Amino acid sequence: MCELFGINSARPIHANDLLKEFFTHAEENPHGWGLAVYGGSGTSIEKEPVKATKSLYLKERLKAEIEAENLIAHVRLATMGSLSYENSHPFLRRDATGRYWTLAHNGTLFDFPEADRYFYQQKGDTDSERILLYIMEHLDCRAQNLDRELLPEERFALIDQIIAHMAEGNKLNLILYDGEYMYVHSNYANSLYLNKTPDTALFATKPLKDGNWEPMPITTLCVYKDGQEVYRGNPHGHEFRDDMVDPRFVFATYSEL
């Protein structure tokens, strides 16, 4: 499966060594890499549909100093969608109020027909991009109904409802960032870990070498700002297990690659 890595901190973190280690996991996730770095000048997203350890660009990029208070990285093992730039994570979209949202996803929508309508709107053809479009539509609709931008607690409450609804029957590990808050969710046991220090939260699909890594709570949306958990949703109970996968879906998906 794909892998996620995220940083949420109250201070700039020197990320080069962490990223170099994380991107070695491309040996098992060879279908693309992506990196979103957030700073005073905005959001920088770089990605390629090539194996991270074979990318000459990424090799040079990691030679330059990378410092960030917020960061999302991804290595892809394709389960839906072709190998292309458009299908590489993270995905970036702007909502109706002008707020930019970034999503990286590790999982598969096995049964969520409500997202199918975005097939002709999306730039690529992944289910992950459709997750972000689905979230954006609901945020925009709520803001339109209120005739104002949503407050942080309102954004959290709505996304908590969306994730709980979407998680039933689907594998939904994701990191979502709205420019202020980082939303983290897993519903697959032992597939997303947290390394917490007083002012920094690191997230990774597999623990990296340094630090004290503990499993994230599953079936629960957790939201962070400045390295601190600020919101936690109610456990929705939709845990995904491997025995829930229909073998016909797996065959059909990989036959398209």
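The model is a predicted one, in which local features need pLDDT of at least 70 and side-chain atom pairs count only at pLDDT 80 or more, while totals for chains, interfaces and linings use all residues. Residues are numbered from 1 along each chain as its sequence is written, and side-chain values use heavy atoms, with hydrogens and water left out. Helices (H or I, at least four residues) and strands (E, at least two) are DSSP runs, numbered from the N terminus.

With a relative accessibility of 1%, Asn29 counts as buried. Here buried means under 20% relative accessible area, exposed means over 50%, and partly exposed lies in between (1.4 Å probe, protein chains only). If neighbours within four places in sequence are set aside, Asn29 is in contact with Met1, Cys2, Glu3, Val75, Arg76 and Leu77; contact means heavy atoms within 4.5 Å.

## The sheet of seven strands

Strands of a sheet pair through backbone hydrogen bonds, either parallel or antiparallel. In this model, 7 strands make an open sheet with antiparallel pairing, in the order β3-β2-β4-β1-β10-β9-β11. At its edges are β3 (42-48) and β11 (213-215), each of which pairs on one side only. Direction ignored, neighbouring strands of this sheet are turned by 20 degrees against each other on average. Axes are lines fitted to C-alpha atoms (for helices, over the stretch in contact), and angles run from 0 to 180 degrees between N-to-C directions.

Let's look at one pair within it. Strand β2 (residues 33-39) runs antiparallel to strand β4 (residues 67-75), and 6 bridges join them; two strands count as paired if DSSP finds at least two bridges between them. Gly34 stands opposite His74 in β4.

The buried residues are Asn16, Leu18, Leu19, Glu21, Phe22 and Phe23. Their cover includes β1 (3-14), β2, α2 (56-61), β4 and β10 (200-204).

## The sheet of six strands

Another open sheet has 6 strands, ordered β5-β6-β7-β8-β12-β13, again with antiparallel pairing. Its edge strands, β5 (91-94) and β13 (228-232), each pair on one side only.

Strands β6 (residues 100-108) and β7 (residues 171-177) pair in the antiparallel sense over 7 bridges. Thr102 stands opposite Tyr177 in β7.

## Rings and charges

The whole structure holds 14 aromatic pairs. Rings of Phe, Tyr and Trp (its six-membered ring) pair if their centres lie within 6.5 Å; planes under 30 degrees apart count as stacked, over 60 as edge-to-face and the rest as tilted. Phe119 and Tyr120 have ring centres 5.2 Å apart and planes at 85 degrees, so they form an edge-to-face pair. Phe119 is partly exposed at 42%, and Tyr120 is exposed at 77%. Elsewhere, Phe5, Phe22, Phe23, Trp33 and Tyr57 form one aromatic cluster.

Two lysines are worth a look too. The charged end of Lys47 sits over the ring of Tyr85, 5.2 Å from its centre, and that of Lys171 sits over the ring of Tyr188, 4.6 Å from its centre. A charge sits over a ring if NZ of Lys or CZ of Arg is within 6 Å of the ring centre and within 35 degrees of the ring normal.
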